[in-house]
Amino acid sequence: MVDSAAAATTVRARLAAKARANPSVVLGGVCLLLVLVTGFIEPEYLSLNGARSSLLQAAPLGILAGAQTILMLTGGIDLSVTMIATGSAYVAASQSSHGAAVAILMGVAVGLVVGAANGVGVAVFRVNPLIMTLAMSGIMLGTFTAWTQSILRGSTVVAPFIKELAAGSFLGNRLPYSVVVWAAISLILIWLLRRTGWGRLLYAVGDNETAVRLAGVRTWQVRIAAYIAAGILGSIAGILLAGRTGAVDLQLANAFLLPSVAAAVIGGTSIFGGVGGYTGTILGALILSVLNSMLTFLNVGQDIQQLVYGTIVLALAWGYAGLANRE
Amino acid sequence: MNRPSPLLTISGVAKAYGSVVALKAVDMTVRRHEIHALLGANGAGKSTLVRILAGVHPADRGTLEVEGKTANFRTPVEAMRGGMATVFQDPALIRDLTIAQNLRLSQTDPATFAQWLDEFDLGSLDRDRMVRDLPLDILRLVDLARALALNPKILLLDEITAALTADQAEKLFELLDRLKSDGCSVVLITHRLAEVMRICDTATILRDGRNVAELEVGGITQQELVHAMLGSPVDLAPDTPAGTTAPTPADAETVFAVEELASGEAVRQVSFAVRRGEVLGLVALEGQGQERVFDILCGERRPSSGRILVDGSPCRFLSPADAVRQGVVLIPGDRLQALLPSLPVYQNLVVTLITRIRQWLGLPADERARAANAIDSLSIDTRAAAQVRRLSGGNQQKVAIGRWLVSGFRTLLCFDPTRGIDIQTKGEIYALLRKLAADGAAVLLYTSELAEIPLVCDRVLVMHNGLIVDEQVAAQATEASLLTAAHGLV
Ligand SMILES: Nc1ncnc2c1ncn2[C@@H]1O[C@H](COP(=O)(O)OP(=O)(O)OP(=O)(O)O)[C@@H](O)[C@H]1O
Ligand SMILES: [Mg+2]
């Protein structure tokens, strides 16, 4: 009896160790489970169309969560990322008349400039990232509200190319372009984080900035580059969102702010810096999107949806923290 | 012989962290009225045993007994109730709180605490200072005073002297002697055998997670102690100690120099020059401005006046990055300032290779080989290499040194680089410093272990009250001559 209890604990310990070594397997399992549950609620979901709609949702979320992942690794965060997305979408829409290329470039420029400003605030003037980016978000909202009455009046309808990029598909309507964009961005992010000096420094700065500074790194450069990268990712996500809805308004990306942080946290990136990666975040974004579809199919009120959503996110984050801490 | 009765009995204690076996089976007895040394190489398992005694981790197997009663502590609070008080190898204070707040958290009685702190003339230490702003030696003494305020039966000290200066250590030993006669036993971990000879009664030696010997310190010599620790007689001096190599030629060019450096009250006037191929020692008692000098030399702080010259041309270091670009690099006294605790050993070592923006879009092709070289030449124990925080203290210290071996440098500033490193590896590090100098580097070595000076240095400077008060030829410097100068008595 004692033996079987001991055996049970060792099996459990071994499973836990396995799970710790391969957190993405666990996350993948959770994702698959959610897909099956959703399929059980709404059998239609298990078709290509269902998968497509979840992926379409996951793409902008995953890109925004990429921005958070980069910053969270350094111990930072970007609460202005969805405002950057909205602002970029606005600018891209208003420049639609100049052609898609100009519109996209101008949109991305917004992310670059705002990201750089965030970076300077955090890295040079040592403003707390929460405060800095929250303030930036307010400043942008004010600015864009004013501009929509003046210089950005004109078109709020996006160029056809952007619509096609965000909402269109190829291979007989199977593979959405936006998912391809996300996949390309994912590859670049994973490469940056794993195979470049800058990626390493993101982890290092988040782990112990003093040690990195004494090693001879100008840590403000690392941080500013991180905020710029996050800004650019925000812009791309915003442009995809605008293309999907076809028109822009100032609420465009609002709803994505907390999910973008949640996706990174569920994926195992620590908000205290130094620990995490983008593969986890991808799975986190997929899980949240599937969860969203599931709740829509459940056909319950908005309040219950929010409640269930919050509970599951909490459970996942807690489960991960438990795994990571038990050594 | 009529020995006092056992106070603490450890039998068959074992502990593994995942696949790393830290303790295989340890038996040890600590008696009343005893200062008991716990010795062993880096990674032997000393700190692991301390953590078990302090209730931080439970043992996997084995039993503890205090005064004959089983006492397998499951939490730190249980251990405290059982009469244990611990000073861990790394400062246990919360860095972002003040001392007063830390004391409140641990429910330490401020009056008793103050009384113990005053033993080190620190009674006036401002309790509202942030822990992160205090130098490491002060933190260690704060930890000690907090432990003593618990009024323990057994005091566990894990390498407390590593970060103390000679005068602070002396005060500590006098205090320990008094505690001993008052009936408190002490377990002292140290890599400085002179300290063991000076105050310990008994020594237990750990090797690879087992106790291999217990010795009465009274009856043996330091050589015999070394023999027992290493299992073979070993010559501790480097192969080519400073005295026997050709001394650095007086006409070798100056690589690094400072002229009339001053900074507030702490540093009043400091000038010196280090030549190519030279190891220049620096010695000082606690708080004579040595920390400030190193902060300035490595670019962390700007001097209020004075110049730094590299290869004869004046340099302004606005940040450590500027210093590193000039080849001036620092091994800080507090190793936590040089470590990325959640990252692997390997990434800690090679971080010095990606300091510039143009190195950011790739990784150096030969980084693996360079890291392997550093691991090899410092014999870093990589059993727990996935996260540096899991290494033993001495191995962490080696990583802090190793990251500069990987990138190379021209001037090496070392602030007590052998803190926490075991005696065998210390010898290897002395030899390494000599070799680095012989290969053309200039080395400035501050040390609190005065015996290191004649072993490694060419010349030695003595600092007192913000001034350089003496210079001696290292080979002829003795602890007595250095201490006299360090007290300002020249
Ligand atoms: N949390 C941990 N996870 C994994 N391994 C660990 C952990 N803590 C310690 N170890 C390993 O246990 C072994 C013993 O470590 P310990 O810290 O007890 O050594 P030590 O005798 O105190 O050495 P030192 O003189 O360097 O301080 C080492 O190999 C170390 O890497
Ligand atoms: Mg130790």
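Predicted model: local features only at pLDDT ≥ 70, side-chain atom pairs only at ≥ 80, totals over all residues.
Q: Which residues of helix α7 of chain A are buried?
A: In this helix, residues 160-167, the buried ones are A:Ile162, A:Leu165 and A:Ala166.

Q: How do you know whether the buried residues of α7(A) line one face of the helix?
A: Look down the helix axis: the buried residues of α7(A) fall within an arc of 90°, so they line one face. As background, an α-helix has 3.6 residues a turn, so residues three or four places apart point the same way.

Q: What covers the buried residues of α7(A)?
A: The cover includes α4 (81-94), α5 (100-124), α8 (177-195) and α11 (219-245) of chain A.

Q: How do you know whether the radius of gyration of chain A agrees with that of a compact globule?
A: Set the two values side by side: a compact globule with 327 residues would have a radius of gyration near 20 Å, and chain A has 21 Å, which agrees. The C-alpha trace of chain A spans about 80 × 60 × 35 Å along its principal axes. In secondary structure, chain A comes to 14 helices and two strands.

Now to chain B.

Q: Which domains does the assignment give for chain B?
A: Domain 1 covers 6-83 + 152-230, and domain 2 covers 254-486. Their C-alpha centres lie 31 Å apart.

Q: What makes the two domains of chain B count as touching?
A: Two residues are in contact if their C-beta atoms lie within 7 Å. On that basis, 20 residues of domain 1 of chain B are in contact with 23 residues of domain 2 of chain B. On the domain 1 side, α6(B) gives the most, with three residues. That side divides into 11 nonpolar, six polar and three charged residues.

Q: Why is ligand 1 said to lie between the domains of chain B?
A: Domain 1 and domain 2 of chain B both give residues to the shell around ligand 1, so the ligand lies between them. Of the 23 residues around ligand 1, those that come nearest are B:Tyr17, B:Asn42, B:Ser47, B:Ser392 and B:Gly394. The shell holds six nonpolar, 12 polar and five charged residues.

Q: How many residues of each chain take part in the contact between chain A and chain B?
A: Chain B gives 26 residues and chain A gives 22 residues. The side of chain B has 17 nonpolar, eight polar and one charged residues.

Conventions. Residues numbered from 1 in each chain as written. Chains lettered and ligands numbered in written order. Nonpolar A, V, L, I, M, F, W, Y, C, P; charged D, E, K, R; others polar. Buried ≥ 20, exposed ≤ 12 C-beta atoms within 10 Å, placed from the backbone. Helix = DSSP H or I, 4+ residues; strand = E, 2+ residues; numbered from the N terminus. Arc of directions from axis to C-beta. Near = placed C-beta within 6 Å. Domains from an automatic or database assignment. Rg over C-alpha atoms; globule rule 2.2 N^0.38 Å.
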